[in-house]
Amino acid sequence: MPTRLNTVFLVLAAATLPLSAGSVRDIRRTPAGTLWAVGDGGLILTSDDDGRTWQSRQADASADLHQLWIDEPRVWAIGGRATPAYPGGAGQAVILRSLDGGKTFESLPTGPAGWACGGAASDDSVVLGGQPTPRAPAGVHHTRSGGKRWTAVPLDGLGYLRGAAFRNFGYGYFVGQQHRIVSLRNLMQPTLHPADIDSGVALTAAAFRDAETCWAVGRRGTVVASRPGGQRWAQRSLPYPAGTRSLTHLEAIDFHDGHTCLIGGGLTGVLFRSGDTQRFEALAAPGPGPVRCLRQLSTTDILVGGDGGRIWRSTDAGKTWQLSRGPQRCDVLFIAAAGETSIYPAIVLHAAAGLDVAVVYVTAPRRPGNQAEMGHADIAPGQQLRLAAALAGAGGATVIEELPSLLLDPDADGDANATSILQRWSEELDAPAEPEVLRRLVAAIRLYRPRVVATGAAEPGPPGVAAENRLVARLAARAVTLAGDEESFPQLLGAKLPPHAADRLFIGTDDNTAWRPPWQDTIHPARDAAARIDATRRPDGESDSNIELLAQRAIWAIGAASLLDRPARFGTYRCEQISGRVGLMTDGLVRARRGYALPGKHHDTLGSAAAFKLADARDQTLTLLPQIMQAIRDDPKAATLGADRLLLAWVRLRQRGRFGESEEARQLFMRVGQAHPWYDRMNVATLAEWASSEFALQRLRLGTGVDVTPADLARAAERFEDLHPWADSPAGRLLASHANAAARRDAVAFAALQQLAAEPYPDDWRELALREQALRRGRPGNRDRGLWMDATPAGPDGRIDGKLNEPAWQQAKPTPLQTAEAGADEATVQVVRTPVDVVLGLRLRMPKGRRWNVMVAVDADRDAWTQLVLEFSESGDRRETLRTRYMPPALLPEVKRPPPPGPIGSWAIRAGRTPPSTAFAIQAPREPTDGWQTFEIALPVHQVQDPRRGGVWAIQIIATADDATKKTRLFLRPQGDARLRPERYAMLIVPRPVVP
């Protein structure tokens, strides 16, 4: 089961890596006086002396726990866990329940519920709110059977929920994104319920003042209170020092006896207290770091939870604070943009050395990668960043969500530079961005009070995400200087944030951003072994550490990062106080031991990857597999790192088109990789390939294929359906339908299509599901829904010469390619079906100076997970890939054939060992005719369509006309961007061939 596998991985990680404790998210006291606290990384604590000392309770280390619910002797801890490698930070809810006062905990099944922010419970009944899912687009689920059956609560509104306050099971509030407030009475919305507030600011926490009144707090210093009769919630004002409200992101609120109110949070770390909820006073925050939760035990006794497992205690109503648990200070504060993945190796290294590490992300993805797949409102912008930092070992992470990142933004300008990025930020903040960002960073540095500040490479570099990363690094370096200057941003003094001068500032080098997979550096076979090993040594000389893998765990949590976007070394940094390269940044400041080492005899095979490089340079990757398995047998502790090497071997063999050989690496990975972050994702990939005719045919033609029985597919489909974040996505619904159909489970397959055709899935997916239902019934009518095309039958006469002058072309109806905004008379496509090929005829207008780039994608079995993609330009540039969603693409082997003599330009891409083996043929006249360039693209049917499946392909053509001063993009089926998304493809009917 996926939950067990995730648990195994993270429990093993917790047992081997001395990570910092995570953020404390909730503190509660039982009627008997016992204090409980929960937080990230499965943190569960208890105290029997009013919070002076705390004891840890063993729990599920894979879970981030957000809220407690106590009904003695029952104790519930509610939260979520990530689905490793799923784009966009999707996850599953976690419920830990104790029936014996916390002596033991059991994990309740949470079914399709997404990552939970909180809820309420009673015996076997639980209500959860948090991440929306297709089954519950409002984000709320409930069960009355101890988790055996879950039901979505029908509610108004969409969006991610981030906080909860309940009086009892069934009566309470959830609050979340876009100022969303959900009121529940007996798990139903009352006729008169609190209206949403007109604001885009997220609410993050809530608390009842009394039996009727609830307050909520959120970002940018927002405080609102409910009013009777369904009136709009009233705004409350706090005494923010001038210029600090926009910096203050409130995360915690609590009442004592309905009168004394306490509110806290970050980025300024302020605490506000009122004895009558009318007049608030500002208190000094305990620090270092933000306030994540708080609890008033009496009018004078207060507990506050923060990052790194810290808990502070005050006995004088917040005038003074004593740290009762956690590190005294922050050792290293990383400041980075959302896309700055080069920091993760250093985070892991310092966490493994036992240091307290925190991260401030200056930007956040505004629209995560899974938004369109999941079919609901955006998830919390910073969730995947906080997860990545936690997996790397950071004790906490703060995300400045107001600044949108180019990361994961499909509409972002790939040529963006520092000037355009600052302009974009200024529009978001409605103020000049540079001073505002510096003010936030100075506040963060003064709040965390770190010994060392580190950031990424700062020198100007490439445009796009890299430009954003380097801009943030330069701003971070300036903020370090300003943070120690008392005259800089004097308003922060009013927020009780005095100057703080870090001991050192470290700035990353360009080497950190230029990592490559272990095989990419070609090693000459003649080099001796010592030279090969030296070439892979870490900057600080620790060549036998498995820190590389630990750093990779964090990279996997970011949806935009592919399998290969992982650092191959710790990273190097420069510092004015230290000469040369620096590994452990706190050398000379604190005593800290470094990470760990593998047994020496496995160094070549696993630790340094030198053997992997050498084998790949000789094209002998497959010979490493027995060595990797032997290392795992000799040392079970090396299993996760060994699985990582097997995964790399699988990718490399696939990239070379050796699908049959890659199958051996995949099978070994599935045998030993249960603790690997990619294990669940490989389960999904395996099912997608087994259900794909494209992959089945490629395996047969490019290697020794493995025939899968219907029983195998049925079992794989059942396992897939337990992976709710995958299976509940629209692409997952369609894949499940095709897999079950291939497994001859027709009723189950059709039921999956019926689910996909209903709310709340997006319109494109629902339309696709309706077309699939019609095809399954054998009645593909209703041609007005989307774009349909017919391939005109043609006999064997004629040749593929790019001229489009055979009789069949005269019969084929041209279909114009269109822009997303309006029609365009710039290109048309025709399709004919020969006995062996489907041939696309493209006519492209060719004025002087124009260059065309064309992309053709075919998904012959319409499963939305695999596509055969051809990219080419009129100059002969080309690329062929076999793509699978959320996986690295497979590059098909290419053999160039010289063009034939005469006026015809010809390219043929050949693959495989057994004829017929042509994957694509592209031919065109060398010169345009009458101002038009024509192409013929032959796709052999045997290369993309399993004869047992059907006659209808999903197809898309994206043609870009480059006129030097502007680019015009045209589509077979218009869409808003250039991404190849199968749900937006047209349908091509491929008739039976005309046999002479």
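## Nonpolar cores

In this predicted model, the largest nonpolar core has 47 residues, and those with the most contacts inside it are F334, Y344, I347, V359 and M585. A nonpolar core here is a set of buried Ala, Val, Leu, Ile, Met, Phe, Trp, Tyr and Cys residues joined through side-chain atoms within 4.5 Å, where buried means under 20% relative accessible area, exposed over 50% and partly exposed in between, with a 1.4 Å probe and protein chains only. At least two residues of this core come from each of β28 (332-336), α2 (344-352), β29 (357-361), α4 (383-392), β31 (396-399), β33 (452-457), α10 (547-556) and β35 (573-575); helices (H or I, at least four residues) and strands (E, at least two) are DSSP runs, numbered from the N terminus. A second, separate core of 41 residues includes V854, V856, I957 and A986.

Leaving aside residues up to four places away in sequence, V359 touches L333, F334, I343, I347, A389, A394, G396, A397, T398 and Y448, a contact being heavy atoms within 4.5 Å.

## Basis of the model

Residues are numbered from 1 along each chain as its sequence is written, and side-chain values use heavy atoms, with hydrogens and water left out. Because the model is predicted, local features need pLDDT of at least 70 and side-chain atom pairs count only at pLDDT 80 or more, while totals for chains, interfaces and linings use all residues.

## The chain as a whole

The secondary structure comes to 24 helices and 51 strands, and buried residues make up 61% of the 996 residues in the chain. Among contacts between residues at least 6 apart in sequence, 61% join residues at least 24 apart. The accessible surface comes to about 36,600 Å², of which 49% belongs to carbon and sulfur atoms; these areas come from the Shrake-Rupley method with a 1.4 Å probe, and for residues only the protein chains shown count as cover.

A search of the whole structure finds zero disulfides, a disulfide being a pair of cysteine sulfur atoms within 2.5 Å. Among the cysteines, C117 counts as buried at 9% relative accessibility, and C261 is buried with a relative accessible area of 0%.

## Antiparallel sheets

An open sheet of four strands runs in the order β1-β2-β3-β4 with antiparallel pairing, two strands being paired if DSSP finds at least two bridges between them. The edge strands of this sheet, β1 (24-29) and β4 (55-56), each pair on one side only. Five bridges link β1 with β2 (residues 35-39) in the antiparallel sense, and R29 has L35 in β2 as its bridge partner.

Strand β7 (residues 91-98) is mostly covered, with eight of its eight residues buried. Eight bridges join β7 to the antiparallel strand β6 (residues 74-82), with R81 opposite Q92, and three bridges pair β7 with β8 (residues 106-108), also in the antiparallel sense, with L96 opposite S107.

Strand β10 (residues 125-130) is joined to β11 (residues 140-143) by four bridges, and V126 is partnered by T143 in β11.

V127 lies in β10 and is buried, with a relative accessible area of 0%. Apart from residues up to four places away in sequence, V127 touches G118, G119, A120, V140, H141, H142, F166, F169, F174 and L187. V127 and T151 are 24 residues apart in sequence and 9.6 Å apart in space, C-alpha to C-alpha.

## Helix α14

Helix α14 (residues 639-655) has 17 residues and reaches 24 Å from its first C-alpha to its last, close to the 24 Å expected at 1.5 Å a residue, the expected span being 1.5 Å times one less than the number of residues. Just after α14, G657 takes a positive phi of about 75°.

## Backbone details

The peptide bond from E72 to P73 is cis, with omega near 5°, and P73 lies in the loop between β5 (64-71) and β6. A cis peptide bond also joins G287 and P288, with omega about 0°; P288 is in the loop between β23 (280-283) and β24 (293-296).

D123, in the loop between β9 and β10, has a positive phi of about 55° although it is not a glycine, and counts as partly exposed at 39% relative accessibility. A964 has a phi near 70°, is found in the loop between β49 (952-962) and β50 (967-971), and is exposed, with a relative accessible area of 72%.
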